[in-house]
Amino acid sequence: MKNRLEELRKQRGIRQEDLAAALEVSRQTVGSLENGRYNPSILLAFKIARYFGMSVEDVFIYEEEK
Amino acid sequence: MTRKAREYATAIMGLLLLGIGLYLVKTIADPQGFMRALPFVCVGLGCGAFGHGVSDIIFRRAVAGHPDIQKRIDVEKNDERNISISNRAKAKAFDVMIYVFGALMVSFALMGVDMVAVLLLVFSYLFVEGCAIRYRCKYDKEM
């Protein structure tokens with residue numbers, strides 16, 4: 001699963017630390033999410049989408065496995 | 001019991017156990033049976049409980065005036081990625097432990113170790129496997 005987290009964060013000029021604090025997760029989690037190394041739980045995905053005022057589908061891009 | 005009282009109780013119990021253990025080491029001249037091991041078990045448990053209790057007390061006092069640090073610690077503790085990593089590590093360690101237990105049981109049997117020790121190991125192995133099955137059934141119903 002891909003996501004637009006880094007793009008959205010940079011568009012808004014938010015630091016990873018600030019995003020992490022707002023989402024109540026560690027900065028490492030934000031970094032891992034941005035790199036695609038970690039897929040969030042559905043709760044965190046909704047939290048992130050709500051933070052950016054978007055829908056989950058707009059932030060996270062589901063790709064079918066080939 | 002509040003958290004504070006529990007911390008002090010753990011530290012005091014540890015200190016008491018440590019004292020009892022040291023007292024038994026000094027006073028029993030010719031210990032027989034389980035009394036040979038009991039004083040050292042008391043010392044070990046006492047040191048562990050005392051250290052655990054005191055570290056909790058020191059930690060609570062250290063973060064008492066710093067809500068920001070407390071908040072950061074809580075976030076790190078409840079962070080879903082950290083929890084996921086911890087659970088995966090535990091699951092992997094469990095898989096490894098099953099093989100280690102198996103190898104130990106075979107080794108003990110081949111070495112001709114006392115039957116009681118081998119049976120204890122077998123039953124602890126079965127107990128752990130039983131726990132795994134029990135929690136699998138429990139979570140299967142819950143999820």
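Predicted model: local features only at pLDDT ≥ 70, side-chain atom pairs only at ≥ 80, totals over all residues.
Q: Which residues make up the largest nonpolar core?
A: Residues are numbered from 1 along each chain as its sequence is written, while chains are lettered from A and ligands numbered from 1 in the order in which they are written. A nonpolar core is a set of buried Ala, Val, Leu, Ile, Met, Phe, Trp, Tyr and Cys residues joined through C-beta atoms within 7 Å; a residue is buried if 20 or more other C-beta atoms, placed from the backbone, lie within 10 Å of its own, exposed if 12 or fewer, and partly exposed in between. The ten residues of the largest such core are A:Leu5, A:Leu8, A:Leu19, A:Ala20, A:Leu23, A:Val25, A:Val30, A:Leu33, A:Ile48 and A:Val59.

Q: Which element gives the largest share of this core?
A: Helices (H or I, at least four residues) and strands (E, at least two) are DSSP runs, numbered from the N terminus. In chain A, α1 (5-11), α2 (16-23) and α3 (27-35) each give two or more residues to this core. The largest share, three residues, comes from α2(A).

Q: Which residues does A:Val59 touch, not counting those up to four places away in sequence?
A: Two residues are in contact if their C-beta atoms, placed from the backbone, lie within 7 Å. A:Val59 belongs to the largest nonpolar core, together with A:Leu5, A:Leu8 and A:Ile48 among others. By this criterion A:Val59 touches A:Asn3, A:Arg4, A:Leu5, A:Leu8, A:Ile48, A:Ala49, A:Phe52 and A:Met54.

Q: Where in chain A is confidence highest?
A: The mean pLDDT of chain A is 93, and 98% of its residues reach 70 or more. Confidence in chain A is lowest in strand β1 (residues 2-3), at a mean of 91. The highest value, 96, belongs to helix α4 (residues 42-52).

Q: Is A:Glu24 buried, exposed or partly exposed?
A: A:Glu24 lies in the loop between α2 and α3 of chain A. Its phi is near 60°, a positive value in a residue other than glycine. There are 15 other C-beta atoms within 10 Å, so A:Glu24 is partly exposed.

Q: What is the radius of gyration of chain A?
A: Chain A has five helices and two strands, running β-α-α-α-α-α-β from the N terminus on. The radius of gyration is taken over C-alpha atoms, and the globule rule is 2.2 Å times the number of residues to the power 0.38. For 66 residues this rule gives 11 Å, so chain A is as compact as a globular protein of that length, with a radius of gyration of 11 Å.

Q: What percentage of the residues in chain B are buried?
A: In chain A, 21% of the 66 residues count as buried. Of the 143 residues in chain B, the buried ones make up 8%.

Terms used. pLDDT = per-residue confidence, 0-100.
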